[in-house]
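Subject: The structure for you to look at

Hi,

Here is the structure I promised to send over. Please open it alongside this note, and I will walk you through what turned up.

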Amino acid sequence: MRAEIQLKQPASDPVSPVEADARQDEVMIAYLPIVRGAAIAVLGYYLFDLATRFFFPGDAYPAVMMTAVAMGSLWSIGILYLLRNPRKVWHLEVYAAMVCMALFINSNLQQSLYFEVENVTYAILMIPIFAAILPTRRMIVAGIVLCFVSLIWQVHTYLPDQVFDYFWVGVSGIAAGIAISEIIRTAVLNSVKARLAAVRDREKAEALARETRHLAECDALTGLPNRRSFFLALNTHVEHLKQTGDAFFLGLVDLDGFKPVNDTYGHAAGDEMLRIVARRLEEAGGSSAFPARLGGDEFAILAPANPKTAQAILSLGHKIEARLSEPYDLGDYTCKGSGSVGLLICDDPELAAHDLMERADHALYFAKRALQGRAVLFNAALEREMTTSSQVDKALRKADYDREFSVVFQPQYDLLKSRITGFEALARWDSPELGRVTPDVFIPAAERAGLIRPLTRTLLSKALDSMLDWPDDTSLSFNLSTHDLMSPNAIEAILTTVRDSGIPAKRIEFEITETAMMSDFNQARRAIDQINRAGHSVALDDFGIGYSSLQYLQQLPVSKLKIDHSFVSSILEDTSSYKIVRTLLSLSRTLDLGCVIEGVETEAQLHILRTMGARHIQGYLIGQPMPADQVGSALIQKFDFSPRPMPQPRKAAQS
Ligand code: C2E
Ligand code: CA
Ligand code: CA
């Protein structure tokens, strides 16, 4: 049963549960003291009546009246007891009705036992008293009717000739009662209104605060916690680990090839992909995990380390890995995708949040570099590598490029012309602190540190200087970093450096890798156009190991493929390597592209390649990367690679 007192609300402004509760509370607050006051007054009256009757027992039915008054007193005490803590408005209605009944029964009992004219006044007085005490309109109406009927009944029974007079007295009583009750109700309603306004204001303020908090903590696109709340949560976990020793798992996730999806299918599709990734991370992590979006296509996840084993965290990693490689339904398109995951068991209370992030990031970096689309757990080997890489970073920042860096040249051989036709320039760093550092280490470090562009220019100038001594028909292949390609200004500076050297553009080829297409396909294509326009050719390096090579190949104005040496190294033993090289060679012929096979180390490899129709090769068989001053003697060196029958690879022949 709901309280009768209700404020009218516009239909469009529904009453919130908080507001409905506030109304109930307000009615209670307003009426409780009235009902309680009435109960106390009634109790006082009965106790006084009881004492009076005790000392001055009347003539009529003293025992009955004493009992009735005593019961009235107990009744009133009972009501006061119940009134300690009424929880609903209808409780209050019942208790108020009980107070009224105490008066009503007493007065009517006395009149019916022993009628006295002056006691008719009680029947009249009860009308406004009921109207004042009862909290709801329906109760007031019922109470007034009851009193009026009892008044008319008494008068009709004992003073029949005065019914008309008392009728009008009763009506006046009703009018007074209604007036009193309306005054009280208006006061109550006003108080309810004021309180409801306060409740609404508070609700609005709370909703605003909630929204602000949500905006500050959530990523608007995916609904996941954002970078800020992720770091708050990470810090909380770190503190908890310090205090309780409770370990946890940290995972960093980076989508592979998200940029091409964004570029090819548009931002709406990209956004949808990120939303799907968010849902999949939530599902893979389960209810106890805390996935977050750090920005772009980077996500993170915190999970309780339960149990704290490499097995457990790797199985979380594999779950994420598997979910992220499911097809993505992007509305009009369905596309493939995958994510690299760097994992860390956080159980060392000595490590701060940024140390943990650095480690997980390193595992992610390793996953990206070596095992795209896979989960990698940070381990001792990665820890050593990380330490080295931070030393490399430091040394790189203060390196003297001109003095410390040099270029070596590795010959490229044309099987048809039976001679070396060009050299690939490969960078070398002799750091005074670290000794010789391989390009696999310092090129990514220079990219991370944002130092690759000046380094590229230094290396290119050195390579061009060396070329001045070379015969005119000898070309140079020069490796560009993805970071170079991503900036039109950097490309322009590179082209200007070549132009200033006076060496014809057609003698210089630039090698680029697929990573460039993955980070920004359109910019990569513009950069290649820019290079081609200057008269250079472009070769796609490490071909075959990327995950969507063919898709890009058709859309890119490159003129050569370099087949990665990983295939050649196993070409004699591994059927699939054999098939891949054969397919890539025929692909390059179909697309009318040049093709260089890298990493040829043995004559056996060379001959099997020759049977497949390979023409350009590079590898230790022809020559190791050499300093500039050895290029001259390499060029006059004689090779005897005359064709001779070679057995097919054993496994390959069976297939
Ligand atoms: P890459 O462009 O694929 O270069 C070929 C790498 O394979 C070179 O390693 C080379 O020494 C090695 N190699 C050549 N023939 C053989 C062989 O027969 N067997 C084996 N096992 N390896 C062979 P390097 O010089 O250590 O360079 C590694 C990578 O570093 C290069 O791979 C290239 O991606 C990068 N790099 C080197 N120099 C530069 C540079 O000047 N700029 C940029 N951006 N990257 C460079
Ligand atoms: Ca290369
Ligand atoms: Ca290569």
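A polar contact here is a pair of N or O atoms within 3.5 Å. With that in mind, a polar side-chain atom of Glu601 sits 2.5 Å from a nitrogen atom of ligand 1. Please keep in mind that this is a predicted model.

Two further contacts of this kind involve ligand 1. The side chain of Gln410 places an N or O atom 2.7 Å from a nitrogen atom of ligand 1, and a polar backbone atom of Ala427 is 3.0 Å from a nitrogen atom of the ligand. On its own, ligand 1 has 800 Å² of accessible area, and the protein covers 83% of that.

Who else is around the ligand? There are 22 residues around ligand 1, and those that come nearest are Gln410, Ala427, Arg428, Glu601 and Tyr620. Sorted by class, the shell holds nine nonpolar, seven charged and six polar residues. Strand E9 gives the largest share, four residues. The elements that contribute two or more residues are E9, helix H14 (439–449) and strand E13 (537–543).

Now to the metal. Which residues are the protein donors of the calcium ion (ligand 2)? They are Glu424 (OE), Asn479 (OD1), Glu511 (OE) and Asp541 (OD), at 2.1 to 2.3 Å from the ion. Along the sequence, these donors follow the spacing E-x54-N-x31-E-x29-D. Two of them come from distant parts of the chain: Glu424 is in strand E9 (residues 419–431) and Asn479 in strand E11 (residues 475–479), 55 residues apart.

Is Glu424 buried or exposed? Its relative accessibility is 4%, so Glu424 counts as buried. Asn479 has 26% relative accessibility and therefore counts as partly exposed.

The calcium ions listed as ligand 2 and ligand 3 are 4.0 Å apart, and Asp541 coordinates both.

Arg359 has a relative accessible area of 13%, and because the cut-off for buried is under 20%, Arg359 is classed as buried. Leaving out residues up to four places away in sequence, Arg359 touches Leu344, Leu351, Phe378, Glu383 and Met386.

Happy to go through any of this with you at the screen.

Best wishes

Terms used:
Residues are numbered from 1 along each chain as its sequence is written. Chains are lettered from A and ligands numbered from 1 in the order in which they are written. This is a predicted model: local features need pLDDT of at least 70, side-chain atom pairs count only at pLDDT 80 or more; totals for chains, interfaces and linings use all residues. Side-chain values use heavy atoms; hydrogens and water are left out. Donors are N, O and S atoms within 2.8 Å of the metal (3.2 Å for Na, K and Ca); water is not among the atoms, so sites may look incomplete. Buried means under 20% relative accessible area, exposed over 50%, partly exposed in between (1.4 Å probe, protein chains only). A residue is near a molecule or strand if one of its heavy atoms lies within 4 Å of it. A polar contact is a pair of N or O atoms within 3.5 Å; within protein, one must be able to donate a hydrogen and the other to accept it, and residues adjacent in sequence count only if both atoms are side-chain atoms. Accessible areas come from the Shrake-Rupley method with a 1.4 Å probe; for residues, only the protein chains shown count as cover. Ala, Val, Leu, Ile, Met, Phe, Trp, Tyr, Cys and Pro count as nonpolar, Asp, Glu, Lys and Arg as charged, and the others, Gly among them, as polar. Contact means heavy atoms within 4.5 Å.
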